[in-house]
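Let's take a look at the aromatic rings and the nonpolar packing in this one. Here are the sequence and the model.

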Amino acid sequence: MRVKKYVVDSMPSALQKIRVDLGDNAVILNTKEIRTGGFMGIFSKRQIEVVAAVPAEKEIPKIMPETRKEKPLNPPTVSPSLEAEVMKELKGMKEMLAGMMTADGDKERIPQPLIPWVQRLKEQEVDRQVIQFFIEQLMRTSPSLIQEEIEKSLLLHLKKLIAEGSLEEPTIDRSVNLVSFVGPTGVGKTTTIAKLASEQVLHHNRRVGLLTTDTYRIAAVEQLKTYANILNIPIETVFSPDALKKAIKNLQDCDLILMDTTGRNYQEQHFIEEIGKYLLEPLVQENYLVLSMTAKYSDITKIVDNFGSVPIDKIIMTKFDETSSYGSLVNLIYHYPYPLAYLTTGQNVPEDIVKVVPERLAKLMLGVAPHDHGSSPTP
């Protein structure tokens, strides 16, 4: 078997490395919080130590893109007795999980107390690997399988994963000069930009300029111009990547430029390449990928994967108020390294945009908090 130890900043980072190095059959044996660096305990950094293992004969070939691979670490030495014990536990765990997602196997394979929680995660459209991750954590942290402990433990693990994949303070840093927003049609990029522009002008006293390349939709241009007039801020319209430098120069007196891009079918790679030409300015820049909570996760993954050739820094999920299923958000956090910055909760400008509140979202997913689509996802 292979056993590896990782020291990482977040659990999603560890999961990505484990899948690259050990494959999808890997099992997390232990996690603990540690402190690294600093001087005599001062200014030390909080990190997570994760130990994972996989039977050698069951390793899966690495399929992650070459750019994401990292040099493997030398595995720690494992005594034969410990290896035998771990192998026995792994075998039992894998046999239990093997039929977890099959229609006929759930009740037979999963311990009875876990069945309603697994079903709840399925109803929330959480994918198989993420459910397996939570089941493994529950079997490790709540072996007694007492119902109250399961609920408490699952809520804790779900909250922790969401927190590690979200920005606690997502406000645009003052060092950033240009923020571009990309994403498919109909996700609400223009309205989202208006909300953030209002926040920066009204609450952070920044001189904001708007820039749009979405010349395919006249209504989108007019909508952004309306918001610019209300906020009394300048706006530039760009018809080609070559004209972008001039537009930015016209907005040089602004502290921050927010750029709206054309909404296209970004499941097609040539549209990705086209939008990428607008994201190469030599400014301190951030690129937000805007996605809808109401989209199918299979479509979302294809879009995110296609954007692998474009520098994406953060994700905004829109239409939180239009769904009661939040699995796509958790799946994104688990599978991808992009932090979640904001959720939008309606059409009202500027108020219907909020940061992620992990505990509230975890409770909504597990059905232990009421769905109130008329308010933001706050405690």
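Is Phe133 buried or exposed? Phe133 is buried, at a relative accessible area of 6% (buried is under 20% relative accessible area, exposed over 50%, partly exposed in between, with a 1.4 Å probe and protein chains only). Phe134 counts as buried too, with 0% relative accessibility.

A quick word on the ground rules: this is a predicted model, where local features need pLDDT of at least 70, side-chain atom pairs count only at pLDDT 80 or more, and totals for chains, interfaces and linings use all residues. Residues are numbered from 1 along each chain as its sequence is written, and side-chain values use heavy atoms, leaving out hydrogens and water.

Now the rings. Phe, Tyr and Trp rings (for Trp, the six-membered one) pair if their centres lie within 6.5 Å; planes under 30 degrees apart are stacked, over 60 edge-to-face, and the rest tilted. That gives five aromatic pairs, including these:

| Pair | Type | Centre to centre | Angle between planes |
|---|---|---|---|
| Phe133 and Phe134 | tilted | 5.4 Å | 55 degrees |
| Tyr336 and Tyr338 | stacked | 6.5 Å | 10 degrees |

Tyr336 and Tyr338 are both buried.

On to the nonpolar cores, meaning sets of buried Ala, Val, Leu, Ile, Met, Phe, Trp, Tyr and Cys residues joined through side-chain atoms within 4.5 Å. The largest has 76 residues, and Phe134, Leu211, Leu291, Met317, Leu329 and Val330 touch the most other members. Apart from that core lies another of 23 residues, among them Val179, Ala228, Ile316 and Tyr342.
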